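Here is a short tour of a structure for you to follow on screen. Please keep the sequence and the 3D view open side by side as you read.

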Amino acid sequence: MAEKSSVKLHGMWASPFAMRANLALKLKGIEYEYIEEDLKNKSELLLQYNPVHKKVPVLVHNGLPVVESSIILEYIDETWTDPPHLLPKDPYERAKVCFWAAYLVFPAKGETQQSMLNELLQKLDVAEEGMKDIFPNGAPSYSQDVKPGYLDIVFYSLFGTHEVASEFFGVEFLTPEKYPLLVSWIEALKQVPEVQEVTPPKEKIMGFYQYYRQKFVPPKA
């Protein structure tokens, strides 16, 4: 077990990438200080620790910064080696988890909202089938002894609050009828106390979407 050390996480509550690091630390039971960043007025420390991308999350361990959420998750798992483990120890199983995590986060390239939605639905179609290999007995169940891992964290950070997004934007894309395994997976993750701790309330998410729409989406002519 790693000796007690200084651990700080620079994040922003609405960032799915910061959520991953936040959740990973909680699942591993690591004591840390969370520092909320104002991305409109980034702190000098954030700019100092991540001078290349100037983004959250940034994990600072004993004064040394680690950036990029996927790298942070791997760093956490390799530094604090006691269970629960975020990544499988078997190289092949680890490779499968990393592949699907990378597949899920690959950004849509569509030029319009509809084309991006179509691309997302195609991705979800593939993921629904692919997860049957990861979870051959159906959606996993979690307990004190069985915690979410790397793939669970990435998946939840992207789709855990899909119902709020569907309500705000008026587009249902992740339905139990079409994606029973994926939706059951989300519902199982919602029951995990650490997941509940890092999930923002619905009203706060809706307010963020409203801000985003007013700032970045041009009004219809």
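## Around Leu174

Which residues does Leu174 touch, leaving aside those up to four places away in sequence? In this predicted model, the partners of Leu174 are Leu124, Phe159, His162, Tyr179, Leu182, Val183 and Ile186.

## The nonpolar cores

Leu174 also belongs to the largest nonpolar core, which has 47 residues. Together with Ile76, Leu182 and Trp185, Leu174 touches the most other members of that core. Two or more residues come from each of several elements, including strand S1 (7-11), helix H1 (16-28), helix H5 (113-134) and helix H8 (180-190). Both domain 1 (7-79) and domain 2 (91-216) supply at least three residues to this core.

Another core, of 6 residues, lies apart from the largest one. Leu46, Val56, Val58 and Val60 are among its members. As a general background, nonpolar side chains in soluble globular proteins tend to be buried together.

## The S3-S4 hairpin

Now turn to strands S3 (residues 58-61) and S4 (residues 64-67), which run antiparallel and are joined by 4 bridges. Across this pairing, Leu59 stands opposite Val66 of S4. The hairpin has 2 residues between its strands, and Asn62 takes a positive phi near 50 degrees there.

## The annotated span

The UniProt record, an unreviewed entry, lists residues 5-84 as "domain: GST N-terminal". In the model, residues 5-84 are 38% helix and 21% strand.

Definitions and conventions: Residues numbered from 1 in each chain as written. Predicted model: local features only at pLDDT ≥ 70, side-chain atom pairs only at ≥ 80, totals over all residues. Heavy atoms only, no water. Pairing = 2+ DSSP bridges. Core = buried A, V, L, I, M, F, W, Y, C linked by side-chain atoms within 4.5 Å. Buried < 20%, exposed > 50% of the residue type's maximum accessible area, 1.4 Å probe, protein only. Domains from an automatic or database assignment. Contact = heavy atoms within 4.5 Å. UniProt positions renumbered as here; feature names shortened; annotations may be inferred.
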